[in-house]
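I opened this notebook to keep track of what I looked up, one place at a time. The entries are written for someone who has not seen the structure before.

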Amino acid sequence: MSEQILDVLIVGAGISGVGAARHIKARCPGKKLAVFEALDGFGGTWKVHTYPGIRSDSDLYTFGYRDKPWTGPPIATAQEILTYMEEFIEENDLAPLIHYNHKITKAEWSSAEKLYTVTYETPDGEHTIKARFLWMCQGYYDLDKGYTPDWDGMDSFKGEIVHPQDWPDDIDLSGKKVVVIGSGATAATLVPNIAKACEHVTMLQRSPTYFSTGRNANDLADELRRLEIDEEWIHAIIRKKALTDQRDFTAAARSDPDAVKKMLFDNIKAVMGEDCDMAPFTPDYRPWRQRIAFVPDGDFFHAVREGQASVVTDHIDRFVPEGIKLKSGEVLEADIIITATGFNLKFLGNIPFVLDGEAVDFNERLTWRGMMVEDVPNMLFVFGYFRASWTLRVDLLGDFMVRLLEHMEKTGASEVRPEIPASERSLERISWMDAVDFNPGYLQRGEHLMPKRIDHPEWQHTQDYWHEKDALPEVDLDEASLVYEDASGQLVRKSEANAA
């Protein structure tokens, strides 16, 4: 490996990296390609997270790859997703390209060479390899450690404190009083999946989350299968319908939030009963300001209705030996406390980038359409959607990446980088989060890691799949914000590119 010069090095073998590898291998067959994965297997999040009930919170018809039909239930377990990915890897002969236990520790660009020197660690030591282009596909989770606030008195608690990301294999929940701190998808997944083993489980939330619930089935897909329609057609049809429904729901959440709230609440009442107390499930913000957690078959609400679980809304004052003391003065007794309090955000895996000897601070630079970074050459990153399935953007960026590589080869360019025109350099640089109207805690905590934006379309990260699916294929690769150089460092001018 160390003696090769790779054309494309993909970083990460989760859902993004595996999908990216398929795009390059199938559509750029002459490129030397490798995938480096720090873990000992593929899957990323779906490999690391092993807590009970771990499942997707997006439907697999859109979370799955566009050209790999999904045949299971819309919401899938981690194991079902890993099996799907394993089939995808085998069907596309990607396994020889993926190198596990390869942890990248630095990426250094040389303008003279037009190459990255990538330093990486394996079980047998440190190595380097050179690559012409880096495609960063690590996602945005810190897979090493989840987020747990530093509450007062944690050391005094006599029981066990567990974060779902570090779920112990030998944990014994039988007959225990368990408190799950958090109100998002992880908490809503954990509670029903451990409730029957515990004496009782309490979900302690600082504030409620919107939940959507319904059958974990797709009636149209089932009917099409009954009619023996080909699975590829079923996948395409259900994927299109799901995307249309998601677009309409997202628009409705903005234009008529009260109607959307009523629909979500009516679905909860269908499980809990018309007279149930809705206060624990009524957030103080409109739908889609944060991610809406889907509860398949209403399992979380069944656990609450049947008395196996309960929901408490309060703030933590401190941990005490017997459990958690709340601001209200109440003490929640617990043998085990599970901190389903989210994750830490990483940008590009926190890998240090160095350009011609100068360290890069990504937070000081602009994002170019949420996939490249100002003045950083030959690097594209995947950051998926908040209000739609992450993988949708993997396929869109796969199309873009192939088009960009083909354009560079056609024009003789060895380097491409986004560069802000002089006329726009004085514009205020602001958080890209302000434009997407989405404010979960992990983004607020990690905002200092992310590139910024200015008020021009090419320097935005819109987070809008329904816009990008049409806009990205139409991006002019010769627009002023993209600068190309040949191997000698000479600019590849537009007139030359268009004539090539």
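**Ground rules.** I noted that this is a predicted model, in which local features need pLDDT of at least 70 and side-chain atom pairs count only at pLDDT 80 or more, while totals for chains, interfaces and linings use all residues. Residues are numbered from 1 along each chain as its sequence is written, and side-chain values use heavy atoms, with hydrogens and water left out.

**Entry 1, Glu-485.** I found Glu-485 in strand 27, residues 482-485; helices (H or I, at least four residues) and strands (E, at least two) are DSSP runs, numbered from the N terminus. The side chain of Glu-485 makes a polar contact with the side chain of Lys-114 at 2.5 Å. A polar contact is a pair of N or O atoms within 3.5 Å; within protein, one must be able to donate a hydrogen and the other to accept it, and residues adjacent in sequence count only if both atoms are side-chain atoms.

I located Trp-167 in the loop between strand 8 (160-162) and strand 9 (177-181). Leaving aside neighbours within four places in sequence, I listed its contacts (heavy atoms within 4.5 Å), among them Thr-50, Tyr-51, Pro-52 and Ile-338.

I looked up how helix 1 (residues 15-27) packs with helix 10 (residues 390-411), and found an angle of about 35° with the axes 9 Å apart. Axes are lines fitted to C-alpha atoms, for helices over the stretch in contact, and angles run from 0 to 180 degrees between N-to-C directions. Residues of helix 1 that meet helix 10 include Gly-19, Ala-20 and His-23, and those of helix 10 include Val-394, Gly-398 and Leu-405.

I traced an open sheet of three strands, in the order 14-15-16 with antiparallel pairing, where two strands pair if DSSP finds at least two bridges between them. Strand 14 (316-320) and strand 16 (331-333) are the edge strands, each pairing on one side only. Four bridges join strand 14 to strand 15 (residues 323-326), and Phe-319 has Ile-324 in strand 15 as its bridge partner.
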